[in-house]
Amino acid sequence: MGAHGPPRQASPPPANAEPAHADVQDVVQRWDSVRDRVPPGQLPDGAGAIRELHRMDRDNRVLNVERTPSGARANFEPESDRIQIQPPRRAGAGTEAVFHEAIHAEQHRRYPNWAEVRSAAAAQHDNLELQIAAGKWMAWAEYWAYRQSYEFHQLQSPDPTAGPNAAHEYAIAQQGVRHHLAGLASVGVQYDPNTPSPPIYRVRRNGRRSEVESGESDLLT
Ligand SMILES: [Zn+2]
């Protein structure tokens, strides 16, 4: 996590939260069974996501909860450094959710500025520049989380009819990605999240306001 900027408030762990060791183990075993045959260019965050998962699991930071704070089926909350998942309703649902959220944990580790931009944007809804910066981050992060989840699934249970762009087509069609792209388009910003790195912004304090500036990614990652 970045050391600068005010963190958004972390919600306390729910009283009935249970460490989701079994779900984590399932993801790790599935990863171990495919890791040696990941095609070049696929799953760039896979190994890092599994490392984050091990770290968080050791500290009981991957939890089964009755309700996630975001209302989604699963949620990585950077402020508390926790993955929270609703107990899966069908076999394998927990695995997909945990892997997707572990990708987000790895994205936050690689790009700590993301949390800072998100916090600032949440505090300043009228700051269009900040909203655009946060919107691009979110679109990029969701696109790659869905894309790599698809690639992970394909390695375990290949769909022989999938074309060479299937992972991209799957990810770009997800509501969680389209929602952010539509928000950007509504203010005239066309953004393509299919780039290896996200646009990098840093937040600069200007009195009580925050401003964003773009930075060189190699300085910040
Ligand atoms: Zn996500």
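## Close-up views of the fold

**View 1. In helix H1, His21, Val24, Val27, Val28 and Trp31 meet Gly46, Ile50, Leu53 and Asp57 of helix H2.** Residues are in contact if their C-beta atoms, placed from the backbone, lie within 7 Å. The model is predicted: local features need pLDDT of at least 70, side-chain atom pairs count only at pLDDT 80 or more, and totals for chains, interfaces and linings use all residues. Numbering starts from 1 along each chain as its sequence is written. H1 covers residues 21-34, and H2 covers residues 46-58. Helices (H or I, at least four residues) and strands (E, at least two) are DSSP runs, numbered from the N terminus. The axes of H1 and H2 come within 11 Å and cross at roughly 150°. Each axis is a line fitted to C-alpha atoms, for helices over the stretch in contact, and angles run from 0 to 180 degrees between N-to-C directions. Therefore H1 is roughly antiparallel to H2 (over 145 degrees; under 35 is roughly parallel, 65 to 115 roughly perpendicular, the rest oblique). H1 makes a left-handed crossing with H2 (the near helix is turned anticlockwise from the far one by less than a right angle; clockwise is right-handed). The residues of this H1 and H2 contact divide into 6 nonpolar, 2 polar and 1 charged. Ala, Val, Leu, Ile, Met, Phe, Trp, Tyr, Cys and Pro count as nonpolar, Asp, Glu, Lys and Arg as charged, and the others, Gly among them, as polar.

**View 2. Valine 27 sits in helix H1 and is buried.** Why does valine 27 count as buried? Valine 27 is buried because 23 other C-beta atoms lie within 10 Å. The cut-off for buried is 20 or more other C-beta atoms within 10 Å of a residue's own, 12 or fewer is exposed, and in between is partly exposed; C-beta atoms are placed from the backbone. Find isoleucine 50 next. Valine 27 and isoleucine 50 are 23 residues apart in sequence, but their C-alpha atoms are 8.2 Å apart in space. Leave aside the neighbours within four places in sequence, and valine 27 is in contact with Leu53, Thr95, Val98 and Phe99.

**View 3. Glycine 94 is a buried residue of helix H3.** Helix H3 runs through residues 93-110. Glycine 94 counts as buried because it has 23 C-beta neighbours inside 10 Å. How far apart are the C-alpha atoms of glycine 94 and alanine 20? They are separated by 9.4 Å, although the two residues are 74 apart along the chain.

**View 4. An open sheet is built from 4 strands in the order E1-E2-E4-E3.** The pairing is mixed. Two strands pair if DSSP finds at least two bridges between them. Strand E1 (18-19) and strand E3 (74-77) are the edges, each pairing on one side only. Strand E2 (residues 62-64) pairs with strand E4 (residues 82-85) in the parallel sense, over 3 bridges. Leucine 63 faces glutamine 84 of E4 across this pair. E3 pairs with E4 in the antiparallel sense, over 4 bridges. There, asparagine 75 stands opposite glutamine 84.

**View 5. Strands E3 and E4 form a hairpin.** How many residues lie between E3 and E4? There are 4. Aspartate 81 is in the turn, with a positive phi of about 55°. Now look at the two faces of E4. Both are covered: Arg82 and Gln84 are buried on one side, and Ile83 and Ile85 on the other.

**View 6. Helix H4 is largely enclosed by the rest of the structure, because 8 of its 11 residues are buried.** H4 spans residues 113-123. Which residues of H4 are buried? They are Asn113, Trp114, Glu116, Val117, Arg118, Ser119, Ala120 and Ala121.

**View 7. Helices H5 and H7 pack with their axes 8 Å apart.** H5 holds residues 128-156, and H7 holds residues 175-185. Their angle is about 155°, so H5 and H7 are roughly antiparallel to each other. The crossing of H5 with H7 is left-handed. From H5, the contact uses Ile132, Gly135, Lys136, Met138, Ala139, Glu142, Tyr143 and Tyr146. From H7, it uses Gly176, Val177, His180, Leu181, Gly183 and Leu184. The residues of this H5 and H7 contact divide into 8 nonpolar, 4 polar and 2 charged.

Conventions:
Two residues are in contact if their C-beta atoms, placed from the backbone, lie within 7 Å.
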